Amino acid sequence: MTTDRDDPLLTPQEVARLQEISRLGLAELTQDDALQAIVQDATRELGLPIGLVSIVLDESQHFIARTGLDGWLASANGTPVEWAFCVNAVRTKRPFVVEDATRDAAVSDNPLVEHDGVRCYAGAPLLTSAGHALGTMCVIGSEPRAFSDQDIERLQVFAARVVDHLEARRTPSAP
Amino acid sequence: MTDRYNEGYRLARPSRASTVAALARMFGAQGAAVRWRDACTRCDVDPEHEALPPSLLARVAEVLIASGGMESIVGRSLMVRMLTFESLATDEQEDSR
């Protein structure tokens, strides 16, 4: 994805990633019970209040499943892409972890940290069978917190469940 | 905060210009112009109107989302950014009371 909104055109790689998102119908998707259940399992298992399945679009991140949000985040059901922690996991195709957001130079000046109390974050990329990163399965907390290797492995398992569901829901069923 | 820029969050209100620019990054300038005009026509919005109020821009966003394909991505981003700006503006008004 590009967070440089002054680029005249998207890169071919980013176009391919967004085309996969559009093929899966994810910009139109706003409610899915199976994804909701995965998010709730993830927050319960990792012991954090907020869980999201976030799809990183061109200029926003769009939450296709969520738990624990309130205020403007719940109203918008997403954020401008320039505030999205998830971009880091999408760009690298690896988990992105923030244990104390106020001390992490990558995110300490993010409005979500400055104004909305985000203090810890762990996101596992949603990697499709074609190799594109759609967004993340992520968990968020309002207190600093360390994440173990096992925590991240579990998050990656939840991310894989999300992708399996997204790819299956677009596969035509056998006659 | 002005009615077009939220200084605390460093966020500008989405506009016709920013939406056409987003379409241009996806489809090039000509493709953007065609898609903007088409989306506006489908929801009875004047495509030449420079200062679209949020209510009309939201209509265009809904049409883009419903179009599917890459247009839906631009439409959803527009909707998220609009809802973010408007929700923050509402919160600030309530906080100042």
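Trainee: Buried means under 20% relative accessible area, exposed means over 50%, and partly exposed lies in between, with a 1.4 Å probe and protein chains only. What kind of model is this?

Mentor: This is a predicted model, in which local features need pLDDT of at least 70 and side-chain atom pairs count only at pLDDT 80 or more, while totals for chains, interfaces and linings use all residues; side-chain values use heavy atoms, with hydrogens and water left out. Residues are numbered from 1 along each chain as its sequence is written, and chains are lettered from A and ligands numbered from 1 in the order in which they are written.

Trainee: Which residue of chain B does A:Glu82 pair with?

Mentor: A:Glu82 forms a salt bridge with B:Arg81, at 2.7 Å from N to O. A:Glu82 lies in the loop between strand E3 (78–80) and helix H4 (86–92) of chain A, and B:Arg81 in helix H3 (residues 69–95) of chain B, so the pair joins two chains. Helices (H or I, at least four residues) and strands (E, at least two) are DSSP runs, numbered from the N terminus.

Trainee: And B:Arg81, is that buried or exposed?

Mentor: B:Arg81 is buried, because its relative accessible area is 6%. A:Glu82 has 34% relative accessibility and therefore counts as partly exposed.

Trainee: What about A:Glu14, which partner does it have?

Mentor: A:Glu14 bridges to A:Arg17, with the closest N and O atoms 2.8 Å apart. Both residues sit in helix H1 (residues 12–23) of chain A, three residues apart, about one turn of the helix. Both A:Glu14 and A:Arg17 are buried.

Trainee: Changing topic: why is strand E6 of chain A described as largely enclosed?

Mentor: Nine of the nine residues of E6 (residues 133–141) are buried, so the strand is largely enclosed by the rest of the structure.

Trainee: Which strands pair with E6(A)?

Mentor: Strand E1 (residues 50–56) of chain A pairs with E6(A) in the antiparallel sense over six bridges, and strand E5 (residues 120–127) of chain A runs antiparallel to E6(A) with seven bridges. Two strands pair if DSSP finds at least two bridges between them. A:Gly51 has A:Val139 as its bridge partner in E6(A), while A:Pro125 stands opposite A:Thr136.

Trainee: How many residues lie between the strands in the E5(A) and E6(A) hairpin?

Mentor: Five residues lie between them, and in this hairpin A:Gly131 takes a positive phi near 90°.

Note on methods. A salt bridge is a side-chain nitrogen of Lys or Arg within 4 Å of a carboxyl oxygen of Asp or Glu.
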